[in-house]
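Here's a quick briefing to read alongside the model. Have the viewer open and follow along.

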Amino acid sequence: MTVPNTPADSAAEPPRDSVPAYPAQPDPYLPPPMPARERRPLGPELRIGALTTLAGVAVGALAGLLWLWLAPRVMLVAGSDAIRYVDPEGEQRAGADGTFALIALAAGVLCALAAFLLTRRRGGGIAVAVGLAIGGLAGSALAWQLGTRLGPGTDVIANAKKAGQGVEFSAALELGAHGALLVWPMAAMVTLLALSAAFGKREQDPLPYWAGPQWQQPQA
């Protein structure tokens, strides 16, 4: 005898615990999950950053010698009563600052180009950018100090006595615009960014959502 209003085949339904559980299937309308990105070891990154910084310092020494050779000089002459400028309206000091900025710009571009070509196969990395920035700033400071120390001394009276009365002599080489020290690292960063965007190593693009696994109905 059955309970009223009870379907006849309800007694034949298996219990819920006996229903087989099918494994979860991926959604075919969602893109497949991206693989986990491998983390680079710290040792090689530190080594590359240190080598890039040292290379910038070495180039800075060459840049300082080049600035000392190419920068225009402010000429002085000792008279009977005072030391005067040979060309009072000359722009040699501004020319020295401009020469330093141009040398720093060329050094930054060349350092970034060399670093990019040497590290392109491995995909660059943050160590290259940090090494270029620190090396560029250190190279600029070294070029500035090397050019001023190897040039004429800052004691104008001693230089005038050494040259003699009526004989022209060069004033000390100075960098008036200290903002030119930032030209090197900024040029290196811009060049590295442009080269990486145009010719850098590309990561594999993920598959489109329609190329993912299709839904398959489980078979009984």
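**Helix packing at a glance**

On the H1 side, Val59, Ala63, Leu66, Trp67 and Leu70 meet a set from H2 made up of Ala96, Thr99, Phe100, Ile103, Ala107 and Cys111. Sorted by class, that H1–H2 contact has ten nonpolar residues, one polar and no charged ones. Keep in mind that this is a predicted model.

**The chain overall**

- The protein chain has five helices and three strands.
- Reading from the N terminus, the elements go α-β-β-α-α-α-β-α.
- Of the 220 residues in the protein chain, 29% are buried.
- Take the contacts between residues at least 6 apart in sequence: 84% of them join residues at least 24 apart.
- The protein chain's accessible surface is about 15,600 Å², and carbon and sulfur atoms account for 64% of that.

**H1 against H2**

- Helix H1 covers residues 42-70 and helix H2 covers residues 92-119; their axes come within 10 Å and cross at roughly 150°.
- An angle over 145 degrees counts as roughly antiparallel, so that's the label for H1 and H2.
- As for handedness, H1 and H2 make a right-handed crossing.

**H2 against H3**

- Helix H3 spans residues 126-150 and packs on H2 at an angle of about 150°, with the two axes 11 Å apart.
- That makes H2 and H3 roughly antiparallel to each other, too.
- The crossing of H2 past H3 is right-handed.
- H2 brings Phe100, Cys111, Ala112, Ala115 and Thr119 to the contact, while H3 supplies Val128, Leu132, Ser140, Ala143 and Trp144.
- By class, the H2–H3 contact splits into eight nonpolar residues, two polar and no charged.

**H1 against H3**

- The H1 and H3 axes come within 6 Å of each other and cross at roughly 25°.
- Angles under 35 degrees count as roughly parallel, so H1 and H3 get that description.
- H1 passes H3 in a right-handed crossing.
- The residues in this contact of H1 with H3 come to 18 nonpolar, eleven polar and one charged.

- Gly49 lies in helix H1.
- Its relative accessibility is 13%, so Gly49 counts as buried, the cut-off being under 20%.
- What does Gly49 touch, leaving aside neighbours within four places in sequence? The partners are Ala127 and Gly131.
- Gly49 and Ile134 are 85 residues apart in sequence, yet their C-alpha atoms are 9.1 Å apart in space.

**Ala107, another one**

- At 8% relative accessibility, Ala107 is classed as buried.
- Not counting residues up to four places away in sequence, Ala107 touches Val59 and Trp184.
- Ala107 and Trp184 are 77 residues apart along the chain, with 6.6 Å between their C-alpha atoms.

Terms used. Residues numbered from 1 in each chain as written. Predicted model: local features only at pLDDT ≥ 70, side-chain atom pairs only at ≥ 80, totals over all residues. Heavy atoms only, no water. Helix = DSSP H or I, 4+ residues; strand = E, 2+ residues; numbered from the N terminus. Buried < 20%, exposed > 50% of the residue type's maximum accessible area, 1.4 Å probe, protein only. Contact = heavy atoms within 4.5 Å. Areas by Shrake-Rupley, 256 points an atom, 1.4 Å probe, with all protein chains shown as cover. Axes fitted to C-alpha atoms, helices over the stretch in contact; angles between N-to-C directions. Parallel < 35°, antiparallel > 145°, perpendicular 65-115°, else oblique. Left-handed = near helix turned anticlockwise from the far one by under 90°. Nonpolar A, V, L, I, M, F, W, Y, C, P; charged D, E, K, R; others polar.
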